[in-house]
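Here's a quick briefing on a single chain, meant for reading with the structure open beside you. Have a look at the fold first, then work through the notes.

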Amino acid sequence: MGDDSVEPLREPPVRGIEPVDGAVVVKLGGELDLYNAEEVRAALADAIARSPARIVIDMTDVEFVDSTALGVLIEARSKLGPDALALAAPQLDTRRTLQVSGLDRHLPVHDTVADALAG
């Protein structure tokens, strides 16, 4: 008999927010989904409030992205403008999700954080 009220231990989705040369890098990790989308939304709102030239979302450690989390990324892009948000270093599964959803045509996807910062 299990206790459904106990959440499984999960890593926090936001691993860091760091200013870098006029930009802000938001490092995300683990599973980005309905259950932690608000944390991701809050981190992106914090980054947007800093008025950077660009926000780079470091996805190196992201293992899974669902439609709710993708919606949070699109929402942030709509607040910033088309060229002010970039995704960096998604793993193969995340990159595939971006391609299947068509988001890779709306959000620039770079192989590294350095490439994303360079624009």
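How many strands does the open sheet have, and what is their order? There are 5, running 1-2-3-4-5, and the pairing is mixed. Keep in mind that this is a predicted model.

**The sheet**
- At the edges sit strand 1 (14-20) and strand 5 (109-110), each of which pairs on one side only.
- Strand 1 goes antiparallel to strand 2, with 6 bridges between the two.

- Helix 3 (residues 92-101) lies across strand 3, strand 4 and strand 5, at about 110° to strand 3.

- In soluble globular proteins, nonpolar side chains tend to end up buried together.
- Here, the largest nonpolar core counts 24 residues, and Val26, Leu32, Leu44 and Ile57 have the most contacts inside it.
- Two or more residues of this core come from each of strand 2 (23-32), helix 1 (37-49), strand 3 (54-65), helix 2 (67-80) and strand 4 (85-88).
- Another core, of 5 residues, lies apart from that one and includes Val25, Val56, Ala88 and Ala116.

How values were computed: Residues are numbered from 1 along each chain as its sequence is written. This is a predicted model: local features need pLDDT of at least 70, side-chain atom pairs count only at pLDDT 80 or more; totals for chains, interfaces and linings use all residues. Side-chain values use heavy atoms; hydrogens and water are left out. A nonpolar core is a set of buried Ala, Val, Leu, Ile, Met, Phe, Trp, Tyr and Cys residues joined through side-chain atoms within 4.5 Å. Buried means under 20% relative accessible area, exposed over 50%, partly exposed in between (1.4 Å probe, protein chains only). Helices (H or I, at least four residues) and strands (E, at least two) are DSSP runs, numbered from the N terminus. Two strands pair if DSSP finds at least two bridges between them. Contact means heavy atoms within 4.5 Å. Axes are lines fitted to C-alpha atoms, for helices over the stretch in contact, and angles run from 0 to 180 degrees between N-to-C directions.
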